[in-house]
Amino acid sequence: MQTQQSSAQRKTQQNLLASYGVQGRGQAPPNDEMLATNGTIKPVWSSFFDHLNSLTPQDLAARFSRGDQYLRDAGVLYRQYDETLSTEREWPLSHIPVIIGEDEWQVISDGLIERADLLEYILGDFYGDNTLVSSGQLPAQLLSQNPAWLRPMVGVAKKGRPLLNALSFEIGRGPDGKWWVISDLIEAPSTAGFAVENRIAMGRVFPNFFANANIYRLAGYFQDFQQSLMKIKGRTTGEVALLSPGPMNQNYAEHAYMARYLGLLLVEGEDLIVQDGKAMVRTVAGLKPISLLWNRLPSTMFDPLELDSNSMLGAAGLVQAIRDGTLKTVNMVGAGVLETRALMAFLPKIARAHLGHGLAMPNIATWWCGQKSQRDHVIANSARMMVGDAFSTVPLMADPHTTTFDTALGGTQSQQLADLLTTNGHTLVGQEAVTLSTTPVWERGQLVARPMCIRISMGRTEKGWSVMPGGYARISAGDDAKALAMQRGGQVADVWVSSPKSVNTPTLLSAPKTAASRSATHALLPSRAADNLFWLGRYVERAEQNMRMFRAYFSRICDGAKHSDTMPTYIRDQLMNGVAPDATAIAARFDEPLALALQSASRINDRFSPDGMMALRGLVKDAKALGDTFVPLDDIPVQISSLLRQVTGFAGLVHENMYRSDGWRFLSIGISLERAANMCDVLAACLSAEPASGAVDLALEIGDSVVSHRTRFQIAANSMSAADLLALDPQNPRSVRYHITRTKDHIANLPTQADDHNMSHVARQVLLLETQLATSQPAMMTPEALVQIKQDIWAISDTLNAYHLA
Amino acid sequence: MIYSIRLTIAHYYDQPAANSRHLVRVMPRTLANRQNLTTHLLEVFPEPESRSEAVDFFGNKTTFCAHRDQHTEMTIHMSCNVDIHPPQKWRDVSLGVADLGRVCETLRDLGSESPLHFLGPTPRLPPNGAIRDFANDLFHPSDSTVANVIRIGKALHDAMTFDATATTVDTDAADAFHLRRGVCQDFSHIMIIALQSLGIPAGYVSGYLRTLPPPGGVKLEGADAMHAWVRAWGGPDQGWIEYDPTNATLVGTDHIVAGYGRDYSDVSPVRGYLRSSGGQQNTQAVDVAIVG
């Protein structure tokens with residue numbers, strides 16, 4: 001039995017490896033992560049490989065989709081940019097990890113730490129004494145003509161050391177088996193958050209294996225990093241915030257995730273203002289000081305007053321706050337100059353001068369064509385060179401503007417290259433086109449070898465640099481190492497650092513110290529976030545209202561009414577803004593607010609539960625399907641009822657699952673004000689109609705109060721009973737009064753900026769309206785009165801906006 | 001000679017503005033053996049909530065001011081006296097342009113006066129083929145750098161028409177050159193690109209012109225607002241010279257320097273940022289008189 005088993009296993013193993021060759025030729029790939037040069041599985045991969053072998057293709061497919069499902073549910077997406085538009089795409093996770101042994105990882109870490117220290121020294125010099133230039137180790141033009149060297153920051157570096165606190169690197173393994181640095185990711189490195197998401201997804205794909213394997217966990221790294229942020233902030237009262245470019249940025253999901261994971265306030269430029277020399281964040285409770293910004297903007301965008309004046313992302317005065325010493329940043333603003341490609345050509349020399357020896361982990365060989373000897377080298381070896389902009393900070397191999405000069409290059413072209421390099425040499429670099437190691441990915445039911453590189457993060461802690469034990473690999477879409485970018489179809493994979501011994505398993509949630517700081521930070525609600533929550537509530541409610549009207553309309557059509565009959569025409573003209581008698585047009589009345597709701601929600605990713613996002617995404621998708629596809633008339637009421645159940649489910653989620661924070665209050669106020677105002681509209685239209693028209697029943701139907709009416713009143717519905725139930729009843733969650741009372745309660749609990757004894761203006765407004773409703777009789781609910789109440793509701797909304805959200 | 005300079009810049013907002021911040025660079029500099037700033041005052045109305053003074057990378061005096069409360073206009077008044085030294089004896093000791101290029105390659109100083117900052121391009125002044133061709137046609141390799149600078153400046157002046165309505169503060173130099181029209185800012189930007197295309201370090205100077213010409217002289221263009229001209233580097237012995245392409249003249253005692261930079265964006269008199277939903281109108285008035 002046992003023999004059979006292992007021979008079966010050997011057979012699969014052969015099958016798994018059969019396809020694993022260079023370009024399908026069936027030869028072992030020469031420089032591979034999983035296979036040794038003799039074609040055997042490397043020891044660190046063997047137990048994983050056996051595990052993979054033990055699973056049937058059906059098992060694997062099911063597991064892979066479990067991982068994908070997690071990523072979809074968690075909203076891990078990336079933005080793809082075309083010429084004109086950007087779209088969200090699924091996160092392209094390769095379900096096979098890249099496994100690296102801890103000994104090798106230690107070597108990598110040591111090399112990168114040495115490099116990080118060197119970069120710290122160089123950055124200090126760039127914004128300090130400029131000895132690297134004055135001593136001739138670096139050509140002056142690499143700073144003086146470099147758009148990333150920010151003159152307003154010169155001299156500021158003396159105060160804020162260390163200047164670098166969070167770095168990432170992209171490394172690849174060359175044909176000799178050694179690791180090379182491909183790029184230094186200094187500014188806004190997007191690595192750590194994605195690595196965590198990949199890891200969680202992989203935990204779903206290989207749950208049993210992962211739990212027992214000795215693979216280093218990532219949480220300890222984040223604990224250390226979180227503590228070091230608190231330490232950099234020091235004993236100031238201000239907050240630590242992550243400054244993001246906002247939802248249109250391709251890495252926004254990561255920013256939101258990191259803010260949530262580390263308990264930081266997520267802010268955008270428009271949230272910030274500098275007052276009395278201090279950076280402040282606008283919150284619903286007024287301005288609150290910020291002491292430390294983890295900056296994820298390109299440095300030039302940080303402050304439109306002193307840096308790029310076209311920046312819409314930063315905030316004016318931030319540079320001055322840094323200069324005044326009231327604001328710290330991670331990393332130093334201006335650190336992006338270290339990403340300059342041409343700098344790589346001089347790092348080896350600077351390292352030898354500064355450290356007394358070469359770098360343990362070299363970077364990809366680079367030549368700056370502003371110097372004759374280097375230029376000549378590039379021209380002579382152009383066949384294996386990539387040539388690109390010297391000052392660009394995009395890695396050369398990921399840059400679409402990069403020129404490669406390989407076999408196809410004719411004589412004229414190589415002369416053109418030589419001319420270009422001679423005339424414009426100082427703006428160009430040559431870089432050796434590297435051959436990267438390959439790693440297995442699963443394609444069409446087989447393992448195939450694809451080129452890859454790895455992104456690694458490190459953070460500075462009290463004990464020095466801490467390297468995340470793992471990272472994420474970027475894998476090329478084909479055999480070409482240049483197709484690594486996700487934009488061009490590349491994939492990402494989780495990197496596992498494995499140990500022969502058992503590894504400890506910290507989790508960020510168990511640390512009491514961090515839990516305390518988390519709650520303190522989350523008590524603050526930036527006005528922008530509150531505004532988005534408020535609108536999320538309004539849009540979802542508007543969608544629900546319009547779904548109910550849609551259902552009411554089509555239930556009449558399904559009963560045989562024609563679009564041109566009195567009642568359908570009345571509904572369209574009086575309640576639907578005169579929409580065309582057409583299912584798609586009427587469905588657009590809830591499709592559009594839902595799309596806007598999703599937009600609002602995605603702007604506050606860090607404050608809205610993943611379950612809520614998931615529910616909303618499902619809702620938008622199903623609602624759109626109803627509008628887009630042809631649904632037989634008979635099915636419309638059924639379909640719309642199912643949508644209504646989903647939207648009520650969303651409301652339930654809001655009221656049953658959300659923490660009673662200020663954010664929840666704004667969301668809830670948004671729902672209440674929208675519902676109350678819409679109900680005023682419905683009542684004003686229906687109560688003025690002919691009593692015999694059925695308009696009163698329609699109002700009860702739209703207000704979901706047919707059953708309530710039957711229990712409350714022993715009579716057939718008339719305008720008085722409908723006005724009582726839908727406008728004035730304090731117990732009916734569909735009535736105007738119910739929602740004004742709820743709004744009043746929420747407003748009373750909002751942080752006030754006025755003193756305790758004086759009621760805020762908005763609190764007064766809502767109390768007046770509530771009192772009016774409480775003391776009104778149904779007969780007083782005339783269409784004119786209802787229109788006035790609606791105006792009062794929007795006046796409350798305006799005041800609330802001016803007071804808390806502006 | 002003592003010049004008394006007065007400047008008023010006013011911003012009028014269509015809708016009330018709040019939370020505004022401005023960076024002001026209008027104060028004349030003190031330059032050894034050339035101009036000495038004596039009494040001076042910079043006032044901002046309404047009174048800013050906070051205000052601070054600093055010196056920027058290129059050595060220009062800057063004033064930061066912030067207004068929190070809503071306001072519909074902001075006015076900046078600058079008044080000062082500047083002691084202008086008699087003109088230095090001047091002769092052309094500049095290098096040839098080819099030698100100048102070789103010297104630039106050996107420079108290792110990144111201080112504010114270093115020619116290295118002024119070799120271009122900047123985000124505001126990218127290289128331009130038409131301007132480069134214009135410069136190339138005028139370039140005499142056997143002449144000194146200064147002779148080439150003057151020839152190009154004069155030719156630019158002759159090719160361009162001073163026209164305050166043709167361009168705005170945001171107009172690209174390339175567009176102004178295409179129109180052959182513009183104001184001092186455009187003249188200066190075009191000349192900087194032209195000189196840099198030949199490898200001559202060139203920078204932007206903002207400042208003031210005396211309002212009334214000396215007896216027998218002509219009134220210079222650009223005297224009723226802040227003015228701009230160009231400086232170029234002629235080698236270690238020559239140092240920086242300044243040329244005013246709008247008036248086709250080497251800079252003498254009629255020009256008072258306020259700011260040095262690479263282009264307008266380094267020395268713009270007022271850079272501002274505010275929250276307001278409407279547009280705004282700006283006015284500027286300058287008076288430069290000799291008082292002693």
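**A quick tour of chains A and B**

Take the contacts in chain A between residues at least 6 apart in sequence: 70% of them join residues at least 24 apart. Keep in mind that what you're looking at is a predicted model.

**Chain A on its own**
- Chain A has 806 residues, and 49% of them are buried.

**Where the two chains touch**
- Chain A puts 24 residues into the contact, while chain B puts in 19 residues.
- On chain B's side, at least two residues each come from β1 (2–24), β4 (61–67) and β13 (270–275).
- β1(B) gives the largest share of that side, with three residues.
- Sorted by class, the chain B residues that touch chain A are 10 nonpolar, five charged and four polar.

**Two helices packing in chain B**
- Helix α3 (residues 145–159) of chain B packs with helix α5 (residues 184–197) of chain B, and their axes are 10 Å apart.
- The angle between them is about 140°, so α3(B) and α5(B) count as oblique to each other, since roughly antiparallel would take an angle over 145 degrees.
- Where α3(B) passes α5(B), the crossing is right-handed.
- From α3(B), the residues involved are B:Val149, B:Ile152, B:Gly153 and B:Leu156. They meet B:Phe187, B:Ile190, B:Met191, B:Ala194 and B:Leu195 of α5(B).
- This helix contact has eight nonpolar residues, one polar residue and no charged residues.

Technical notes:
Residues numbered from 1 in each chain as written. Chains lettered and ligands numbered in written order. Predicted model: local features only at pLDDT ≥ 70, side-chain atom pairs only at ≥ 80, totals over all residues. Contact = placed C-beta atoms within 7 Å. Helix = DSSP H or I, 4+ residues; strand = E, 2+ residues; numbered from the N terminus. Nonpolar A, V, L, I, M, F, W, Y, C, P; charged D, E, K, R; others polar. Axes fitted to C-alpha atoms, helices over the stretch in contact; angles between N-to-C directions. Parallel < 35°, antiparallel > 145°, perpendicular 65-115°, else oblique. Left-handed = near helix turned anticlockwise from the far one by under 90°. Buried ≥ 20, exposed ≤ 12 C-beta atoms within 10 Å, placed from the backbone.
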